Amino acid sequence: MRFFQFVFRFRWPIVLGTVLLTLILAWPISRLKINADLTSYLPRTDTAVKTLEYIADTYGGNFVAVIAFESEDVFQPSTLEALRQLTSQLQLLEGVNYVTSLTNVLDLKKSEEGLEIGKLIRDEDFPIDEAKAKELREYVLAKKRFRGRLVSADGRVALLIVALRKDVDKNKVMEEIEKIIEASRLPGEVRLAGLPAQLREISRFIINDLKTLLPLMITVVFLCLFLSFRSWRGVFLPLVTVAISTLWTLGVMSLAKVPLTIISDAIPVLLLAIGSAYSIHILNRFDEAPGGEKEKALAHVSASVFLAAVTTIAGFISFIFGSYLTAIREFGLFASIGILFSLLLSLTFGPALLFIIQSRWPEKKRSSSKNRRASNSLLLRFEKWSFSFLRQEKITLLIFLLIIGIAIGGIPQIKRHSKMLDYFEPTSEIRRSEDFLEKRFGGSIPISILVRGDIQDPAVLREMKALEEFLEAEPFVHNPLSIADYLAEMNDLMGEGEVIPDTREKVSNLLFLLEGQEGLDQILHPDKKEAIIQATIPSLDMGEMQELVNRLESWIKQRSFKGAQMEFSGSPLVYLHLDRSLIQSQLVSLAIALGLIYLCVLFLVRSPFGAWLGMIPIIFTLILVFGFMGYAGIPLDIATVLVGSVSIGIGIDYALHWINRFRLELFSSLSSTPQFSSAADLRDSATERKFISDSGVLIEAAEKTLRSTGRAITINMVTVALGFLILVLGNLIPLRRFGLLVALTMLSSGLGALTLLPAVVVRTKAKWLKTIEAYFEKTNKSK
Amino acid sequence: METHKKQKKGLPGPWGLSWSWIFAGIIIFFLLLLLALWAVQVFPAQGLSADEILKRVDEVVNAPKDREARIKVIIIDSRGKQEIREMLSYQKGSDRRLVKFTSPAEHRGIGFLSLPNEVMYLYLPAYGRTRRIASHVKNTKFAGTDFTYEDMEALRYSEKWSGQWLREEDGNYVLELRPKGETKTQYSKMVMWIRRENFYPAKVELYDRANRLSKLLSLDKVEKIGQYWVSRQMTMEDLKEKRKTILELEEIKFDVGLADEIFTERFLMR
């Protein structure tokens, strides 16, 4: 209360100071960087990341974009010329490691003129005439190393494989590549695929979606707030507070030089969902309280706002301790900071602004407040509806138990497997390109097996060949290629058949010839103590990927070959690792958050069992959300895993507000009811309780709570749920799911607090809230 | 007339010449100087054209009848890692050449034989066989170095390239070389610095087909051995891949009368 007197006195400095601070903190936001590279979200010490980075550094081919070019016949001289030009143009591009296409791929062959080691089509061969093109077509389509790898078996599709450098902004490079393709005007259809293309599409979709959906979302929130409060400040206060706290948070992130990731870019929406509630409660209470008691009312509601914020922060802080992923830790930290800002602003800036408005336009406020009650039939109907739940508390509990039972049945059905391609609509261009590539070439995503040992040893080479044969037999793996293949081919050229040379000397002689050839450094380390086997896979779901890893590892184990060490690597493996650790750390975080929140509720209700009852709405919400995911076939993945924490963060707030207000109402009900003020001698708690429940004082207090705080909860719940439902209109499937699940979370935790919680309170006769005891203690003392 | 002459005689110039002769002489001298300066611009190098300079280069570079040398090959990759190899090189005229690796042990005996009309043979000791290498592997790197087969060819620039005068710089003629119509090459052009004093190239910038400077060849430690000029250290730097290869010529002998048998497949296998 003293705090709000302070706020009242310094209302102008507070408002002006906030505006000034916002200007200062908003300034550096333009320098905020975006980091969409998922591999960087894992700590550098992670083994999968380490190997991937090592391979990227040494061999340069982990981030591969694929350009598929389709025409009647790619072996038309003009088409080959166009391909060659495109290849050399792309090679010049900053950020591109290498480009492989028919026009520059290494080939070994024997002709009448002799042995040829060099490009399949040499620069000097251009311009190519029709006859030569025909000859080339026959030669290339007959060779396994090219057919199905760089050109489709029917000769209609040619690929350009573009390996990007790992330390560049891949989206930017992809943009450049698109520009070059567009300018090249290839005679046919061009498709762009591969992980960098997928990631680029994702970030493009996110930006597009946010551009169109964020204004829509704000409009919906705006309308909801206006319809609920019927006043401009009811709209602007929550929105402005959210906007300022978002600006502050992003400003601090930028000052701390922490880039925005695809996880932390959810912070603004989360602040809209969580932060707006604080202002709504403050505003609701401010309007409700009579003229002179505003400060007192604010002091009371600020206690629950404060506790709500603390619990939410506890939920987010659990990420900092519980998570393995740097990106999630950063998200936890800055989401906490954002909530802290929201809290600070709704306790200082918001009330200060309200005091200013009230002192300037007191008349207006009164009238608007009066007709609001009468006109807001929707809210009234909602109140009535929740009252009936309250009166039929047994039925309410039964209904909820039934829902919980059904939801629990869905939890085991939650799909743990998602694949990146499912993030796109089946009709989207990128999805069609990937499907096309998968059908013709078996996928666009490179994987590699790192082989450490004496690569010149024929035994090692034979083992590599054996592994390639195993990979070839795998349903998902295509086009394995290693130095062993080249050596076998060279051995054939030397007249000893297409097998691995039988002596180390022969291998050494052949490698001497291959040395310095374009592309050799992509598969063989210069010191010849290490090599990689390359292959491609389509976009796999995490389960299929895990199975592939398992089979490969058990194959390696089974062979127990001593001559070399073999290790599987590739960006899909990092995603697998990321996915696994994300889910795992998320569960740990969820447990930590539940623990911390339990402590907060315990602090409020001061009863170990009561604290559990207070958590009923969030437990209900968690079960409902996960059950829904199971039934709706929404997989638990990077996109949806954050919903659990949001559920807790928001769900508990509603419950805390409700409990805090209910205790106040019960206290005043008890003191205003004559039986209780006189019957102070009712010391035996059993009779006391029976008396109280019979008297209907509990229901009266609950109704009063529903009418006051319930209103704020309803406004907040409906506003934010509708706001998030807007995301369902987006292009990107994970964003839609996120929107849907958050909306569900809001509704379920709101309804949980408005119907289930009161029913539980009435059913348990509010024993665990200890309000009645507190009341009697107080009245006895005063006597 | 008499009086006129006398008046002039009244002011006798030095060496008994009249002043008007002296003035005329000075003017003529400056005119000649200007002409000379102009001539130097138009006909550089004692009045040689760019193509003539190139011919002189060919004469100097290909002067010896034959050459025998031990060559140390130092390959330095982009990370600064060095690899050293040694080979024996025999060359007769400008179109016959045999190279045999002597070190390291695992490469000992590997040999290349280049014969006229772009016929090339390779010998791999582990297989005990020679194989002919197709002639059009020119832009293929030679044995893991930064020199391509084309770079390794015994060069007669004037036959394949036409020169254009650019400028004179620090005692070097600078020419731009563009391939003649029929020439098949991996380069779109070269810019060559040629030492004025001996017509031996100092360095060559090599431009790839996209017309980008891609490689740089430096010919250092140019010495006169017997009557021939030779660079004892040639460095080819691949600017794109940031690698370089240094060829150090040791134990060079000229005109030793190399037998024709050396340039046969049979000798290659020995």
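What you're looking at is a predicted model, where local features need pLDDT of at least 70, side-chain atom pairs count only at pLDDT 80 or more, and totals for chains, interfaces and linings use all residues. Residues are numbered from 1 along each chain as its sequence is written, chains are lettered from A and ligands numbered from 1 in the order in which they are written, and side-chain values use heavy atoms, with hydrogens and water left out.

**A sheet in chain A**

Helices (H or I, at least four residues) and strands (E, at least two) are DSSP runs numbered from the N terminus. Two strands pair if DSSP finds at least two bridges between them. In chain A, 4 strands make an open sheet in the order 3-6-2-7, with antiparallel pairing. Strand 3 (96–100) and strand 7 of chain A are the edges; each has a single partner strand, so one side of each has no neighbour in the sheet. On average, neighbouring strands here are turned by 20° against each other, direction ignored. Axes are lines fitted to C-alpha atoms (for helices, over the stretch in contact), and angles run from 0 to 180 degrees between N-to-C directions.

Strand 3 of chain A pairs with strand 6 (residues 157–164) of chain A over 4 bridges, in the antiparallel sense. Within that pairing, Val96(A) sits opposite Leu164(A) of strand 6.

Which strands does helix 7 of chain A touch as it packs on the sheet? Helix 7 of chain A touches strand 2 (63–70), strand 6 and strand 7 of chain A, and its direction makes about 90° with that of strand 7 of chain A. Helix 16 (residues 429–441) of chain A lies across strand 2, strand 6 and strand 7 of chain A, and runs at about 90° to strand 7 of chain A.

Now zoom in on Arg191(A), which belongs to strand 7 (residues 189–194) of chain A. Is Arg191(A) buried or exposed? Its relative accessibility is 16%, so Arg191(A) counts as buried. Contact means heavy atoms within 4.5 Å. Skipping neighbours within four places in sequence, the contacts of Arg191(A) include Val66(A), Glu70(A), Ser433(A) and Phe436(A).

**A hairpin in chain A**

Strand 4 (residues 106–111) and strand 5 of chain A run antiparallel, joined by 6 bridges. The hairpin between strand 4 and strand 5 of chain A goes through 2 residues. Across the pair, Leu108(A) faces Ile117(A) of strand 5 of chain A. Strand 5 (residues 114–119) of chain A is mostly covered, with 5 of its 6 residues buried.

**Rings**

Rings of Phe, Tyr and Trp (its six-membered ring) pair if their centres lie within 6.5 Å; planes under 30 degrees apart are stacked, over 60 edge-to-face, and the rest tilted. Over all chains, the structure has 26 aromatic pairs. Here are two of them.

| Pair | Centre distance | Plane angle | Kind |
|---|---|---|---|
| Phe222(A) and Phe236(A) | 5.9 Å | 85° | edge-to-face |
| Trp165(B) and Tyr173(B) | 5.8 Å | 55° | tilted |

Phe222(A) is in helix 7 (residues 195–229) of chain A and Phe236(A) in helix 8 (residues 232–255) of chain A, so their pair ties together parts 14 residues apart in sequence. Phe222(A) is partly exposed at 24% relative accessibility, and Phe236(A) is partly exposed too, at 39%. Ring pairs also link Phe222(A), Phe226(A), Trp232(A) and Phe236(A) into a cluster. In the chain B pair, Tyr173(B) is buried, with a relative accessible area of 1%.

**Over to chain B**

Chain B has 7 helices and 13 strands, and 46% of its 270 residues count as buried.

Trp161(B) is in strand 7 (residues 161–169) of chain B and is buried, at 4% relative accessibility. Lys180(B) is 19 residues away from Trp161(B) along the chain, but their C-alpha atoms are separated by 5.2 Å. Leaving out neighbours within four places in sequence, Trp161(B) is in contact with residues including Asp51(B), Leu54(B), Lys180(B) and Tyr187(B).

Methods: Buried means under 20% relative accessible area, exposed over 50%, partly exposed in between (1.4 Å probe, protein chains only).
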